[in-house]
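Thanks for asking me to look this one over.

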Amino acid sequence: MFYPLPDTIEQPEISLLELLNSRDNRQTRQQQWIGLHQVTLISFTVVFPGPVKDNHLVRQVFNQGLNALKQVAQCRQWVLLAQQSFAFPTGPECFVAVDADAIAVKTALIEAEELSPVGRLWDFDVFDANGQQYSRNTLTLSPRRCLICDKEAKVCARERIHPLNEIINKIEVLANESVDN
């Protein structure tokens with residue numbers, strides 16, 4: 001059911017407005033999926049720094065996340081009702097309607113994030129059938145850590161502590177570690 005997105009050579013730079021519009025559009029699609037399927041929704045994206053949100057490296061990390069999601073779903077014997085991936089200039093996305101408890105799904109996906117070298121870049125948003133979102137914060141778990149210094153990722157990103165090229169180089173190393181494992 002999970003098909004990797006093909007590689008891409010496209011590397012369009014995205015404006016802040018385009019990024020914000022894509023988030024609004026994703027929220028609309030999420031609500032449509034919840035209404036249509038009326039089960040837990042997994043909305044998967046990649047957290048990627050800089051103005052380019054879709055390129056070879058993003059797709060590599062995305063496809064590794066899809067593979068992890070597939071393995072977790074098989075291991076937990078989740079009933080998957082629908083799955084669709086989207087290749088947008090603002091980054092790849094995947095929606096999965098799963099007939100399983102939302103808190104259990106979110107917990108299992110956080111475990112998968114923590115087991116993978118690139119798991120910090122995966123963003124598995126999980127909603128229950130009523131549209132309630134479950135996050136690390138709602139589950140009283142620690143926030144994502146920075147790839148470079150291990151401080152809270154939001155702080156480093158907001159304050160732009162690390163140069164973009166340093167972060168991209170680190171992601172390339174981690175993505176290749178994931179492939180080797």
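The points below go from the overall fold to the aromatic pairs.

1. First, the ground rules. This is a predicted model, in which local features need pLDDT of at least 70 and side-chain atom pairs count only at pLDDT 80 or more, while totals for chains, interfaces and linings use all residues. Residues are numbered from 1 along each chain as its sequence is written, and side-chain values use heavy atoms, with hydrogens and water left out.

2. The chain has five helices and five strands, taken as DSSP runs numbered from the N terminus (helices: H or I, at least four residues; strands: E, at least two). Their order along the sequence is α-β-α-β-β-α-β-β-α-α.

3. On overall dimensions, the radius of gyration is 16 Å, close to the 16 Å that the globule rule gives for 181 residues, so the chain is as compact as a globular protein of that length. That radius is taken over C-alpha atoms, and the rule is 2.2 Å times the number of residues to the power 0.38. Along the principal axes, the C-alpha atoms fill a box of roughly 40 × 30 × 30 Å.

4. Buried residues account for 46% of the 181 residues (buried: under 20% relative accessible area; exposed: over 50%; partly exposed: in between; 1.4 Å probe, protein chains only). Of the contacts between residues at least 6 apart in sequence, 70% join residues at least 24 apart, where contact means heavy atoms within 4.5 Å.

5. Now the rings: the whole structure holds six aromatic pairs. Rings of Phe, Tyr and Trp (its six-membered ring) pair if their centres lie within 6.5 Å; planes under 30 degrees apart count as stacked, over 60 as edge-to-face and the rest as tilted.

6. One of the pairs is phenylalanine 44 with phenylalanine 124, stacked because the centres are 4.5 Å apart and the planes at 20 degrees. Phenylalanine 44 belongs to strand E1 (residues 40–46) and phenylalanine 124 to strand E4 (residues 122–127), so the pair ties together parts 80 residues apart in sequence. Phenylalanine 44 is buried at 0% relative accessible area, and phenylalanine 124 is buried at 0% too.

7. Phenylalanine 86 and phenylalanine 95 make an edge-to-face pair, because their centres are 5.5 Å apart and their planes at 75 degrees. Phenylalanine 86 is buried at 13% and phenylalanine 95 at 0%.
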